[in-house]
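Dear colleague,

I am passing the structure below on to you, together with some notes on what turned up in it. Please read them with the model open beside you.

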Amino acid sequence: MRRAVCPGSFDPVTYGHLDIIKRASAHFDEVVVAVFINSTKQSLFTVEERIEMIKETTKELPNIKVDSWSGLTVEYCKQNKIDVITKGLRAVSDFDYELQQAQVNLQAGVDTMFMATDPAHSFLSSSLVKELAKYNGDISKMVPPSVQAALASKLK
């Protein structure tokens, strides 16, 4: 079985994330969307809330599994017998950093598959979505309705 992991903080999941997840699901038998716990970041949503949002927004994709992890992505891959990491790239600045990570992970036997972000989502980030939502900006083209409702509820 061909398996890949799609790691991220997903705080919250956006249409940009979902585009990469959906496209990766077409290439692998199973894609594990791994919500990574980053102690250096202040998250708006709990890990459990982020997992639920991802499950809700990917329910039409039967080969998606959602999990969480704290630590190195390559260690998650080793523990779960996954040999491919999928990542979306928005800009050249993403590539420089991601390439270095991919080369280190390759030394550990884990390959990385980069996918160019759909241009419609190239500007999108979870931070931008949260900032706009905080000030009642229109995020309807950035996140699914269920995520938009979760943001509205959380930011009350």
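Is Tyr76 buried or exposed? Tyr76 is buried, with a relative accessible area of 1%, where buried stands for under 20% relative accessible area, exposed for over 50% and partly exposed for what lies in between (1.4 Å probe, protein chains only).

Before the rest, some words on conventions. This is a predicted model, in which local features need pLDDT of at least 70 and side-chain atom pairs count only at pLDDT 80 or more, while totals for chains, interfaces and linings use all residues. Residues are numbered from 1 along each chain as its sequence is written, and side-chain values use heavy atoms, with hydrogens and water left out. Helices (H or I, at least four residues) and strands (E, at least two) are DSSP runs numbered from the N terminus.

Aromatic pairs

The structure holds 3 aromatic pairs, a pair being rings of Phe, Tyr and Trp (its six-membered ring) with centres within 6.5 Å, called stacked if the planes are under 30 degrees apart, edge-to-face if over 60 and tilted for the rest. One of them is the edge-to-face pair of Phe36 and Tyr76, at 6.4 Å centre to centre and with 65° between the planes. Because Phe36 lies in strand 2 and Tyr76 in helix 3 (residues 73-79), this pair ties together parts that are 40 residues apart in sequence. Trp69 and Tyr76 also form an edge-to-face pair, with 5.3 Å from centre to centre and 75° between the planes. Ring pairs thus link Phe36, Trp69 and Tyr76 into a cluster; Phe36 is buried, and Trp69 is buried with a relative accessible area of 19%.

In helix 2 (residues 47-57), the buried residues are Val47, Arg50, Ile51, Met53, Ile54 and Thr57. Seen down the helix axis, they fall within an arc of 160°, so they line one face of the helix, the arc being that of the directions from the axis to the C-beta atoms. Their cover includes helix 1 (15-25), strand 2 (30-36), strand 3 (64-69) and helix 6 (145-154). Val33, which is found in strand 2, counts as buried at 0% relative accessibility. Leaving out residues up to four places away in sequence, Val33 touches Cys6, Phe10, Ile21, Ile54, Ile64, Lys65, Val66 and Asp67, where contact means heavy atoms within 4.5 Å.

Ser25

Ser25 has its place in helix 1 and is buried, with a relative accessible area of 11%. Apart from its neighbours within four places in sequence, Ser25 is in contact with Val31, Leu61, Asn63 and Ile64.

Asp138

Asp138 lies in the loop between helix 5 (126-134) and helix 6, and is exposed, with a relative accessible area of 57%. From Asp138 to Gln148, 10 residues apart in sequence, the distance in space is 9.5 Å, C-alpha to C-alpha.

With kind regards
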